[in-house]
Amino acid sequence: MAARETVDPGEPVLGSAARHSSFSVMASEKSQDLMVTCTAPVNIAVIKYWGKRDEALILPINSSLSVTLHQDQLKTTTTAAISKDFTEDRIWLNGREEDVGQPRLQACLREIRRLARKRRSTGDGDAFPLSLGYKVHVASVNNFPTAAGLASSAAGYACLAYTLARVYGVEGDLSEVARRGSGSACRSLYGGFVEWQMGEQADGKDSIARQVAPEWHWPQLRVLILVVSAEKKQTGSTVGMQTSVETSTLLKFRAESIVPERMKEMTRCILEQDFQGFAQLTMKDSNQFHATCLDTFPPISYLNDTSRRIIQMVHRFNSHHGQTKVAYTFDAGPNAVIFTLEDTVAEFVAAVRHSFPPAANGDKFLKGLRVAPVLLSDELKAALAVEPSPGGVQYIIATQVGPGPQVLDGSHDHLLGPDGLPQRDL
């Protein structure tokens, strides 16, 4: 495992000679070529972002709050290389070359290069005499399903912004760069619990991410991702949001009258480690988000029958125990994200196995953190009162709260070879 360096994205990215040593991992003898590889995490919103007040700048109609998941289980890895020998910008995603002219990708590149030029003009860029006219090659891979409602775009664009900043010597907060790719990407620039402040300024300068609490704040908190489908969703988030803003009266009411108080309450629950309050508010906000999707015209439905069975199972599990021991949340997709505490994980995983027996992958049904098997009581089985749905849940990823983006120092971690092309089957 390569050594990793974790850096607060609010501090100068290239502020010292010690930092410089991390970025010259693949500086070639041609002196002005540079290659950097970083990783970035997935984040899961517990107070949802849905809808923009400015489509071009990606400015939200409400603030949101998320939990950063650990990169040992879910991450994007990105390598960026800059060279005088490159004739054009190029990008590969999960091994396939993609259109580098995609508008949001171009927005990120333009913003990073603008910030790099600004830094150069102030005379702070001497340590990196790279020509800003050099082209960049980027390769990125996810170790989880892309575009299936697992926040892949957030991790992807956060990783892109973080990596490009290191290649181009850009300092300071990267919220605006990441946000221009995917709004929620700015939340993946921090570990722990993160708020994306909607801001009020027309230029979006105050629409930034801020850490509410670090990843070690709530060590007992665990996260289970129930993968129902790894297929690409039928209605993308960008199109869905735009339609909701145009047609849903519930969305406007939610943004103006509900979310502000929920942000305050969720922050309190996190800081005080109030799981009952955290769990109930998480579920209520997920339900309201999907209600706005149904209030959209034509309606949008990201949940499927298995998603709804999971919701029912969670409530029956909690009712059996007489308290809220697990909580669900769903982003724009059918996969469930379950929050619970460490002492409840094993029993709930057993409940999932009972309700959704593994089809043919029993030994691979549970991925990530180890969970000791336990037997369900007859009383809980009776309380769940479900007709088993074999294969409904494809597999479970067990994880926890984790840190923000990291730099990989080993040259073997690079996704691009010295020629700037993918060097292995990604």
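**Is Q273 buried, partly exposed or exposed?**

Q273 is partly exposed, since its relative accessible area comes out at 35%. This residue sits in the loop between α6 (249-271) and α7. Its backbone is worth a look too: phi is positive, about 50°, although Q273 is not a glycine.

Keep in mind that everything here comes from a predicted model.

Averaged over the protein chain, pLDDT is 89, and 87% of the residues score at least 70. The stretch to watch is residues 1-31, where pLDDT stays under 50. The model still has 78 contacts beyond four places in sequence for residues 1-31. Where pLDDT is low, though, the predicted coordinates should not be read in detail.

Most residues other than glycine have a negative phi, and most peptide bonds are trans. You'll find N94 in the loop between β8 (90-93) and β9 (96-98). N94 is partly exposed, with 30% relative accessible area.

Then there's the peptide bond between F297 and P298, which is cis, with omega at about -5°. P298 belongs to the loop between α7 (275-295) and α8.

**How α8 meets α9**

Two packed helices are described by the angle between their axes and the distance between the axes. For helix α8 (residues 305-321) and helix α9 (residues 345-355), the angle is about 130° and the axes are 11 Å apart.

Which residues make the contact? From α8 come M313, V314, F317 and H321, while α9 brings E347, F348, A351, V352 and S355. By type, the residues of this contact split into six nonpolar, two polar and one charged. An α-helix has 3.6 residues a turn, so residues three or four places apart point the same way.

**What surrounds α9**

Which residues of α9 are buried? They are V345, F348, V349, A350, A351, V352 and S355. F348, A351, V352 and S355 are also in the contact with α8.

The buried residues of α9 pack against α8 and also against α10 (378-384). Strands take part as well: β13 (221-227), β14 (326-329), β15 (336-341) and β17 (395-400) pack against these buried residues.

Technical notes. Residues are numbered from 1 along each chain as its sequence is written. This is a predicted model: local features need pLDDT of at least 70, side-chain atom pairs count only at pLDDT 80 or more; totals for chains, interfaces and linings use all residues. Side-chain values use heavy atoms; hydrogens and water are left out. Axes are lines fitted to C-alpha atoms, for helices over the stretch in contact, and angles run from 0 to 180 degrees between N-to-C directions. Helices (H or I, at least four residues) and strands (E, at least two) are DSSP runs, numbered from the N terminus. Contact means heavy atoms within 4.5 Å. Ala, Val, Leu, Ile, Met, Phe, Trp, Tyr, Cys and Pro count as nonpolar, Asp, Glu, Lys and Arg as charged, and the others, Gly among them, as polar. Buried means under 20% relative accessible area, exposed over 50%, partly exposed in between (1.4 Å probe, protein chains only). pLDDT is the predictor's confidence in each residue, from 0 to 100.
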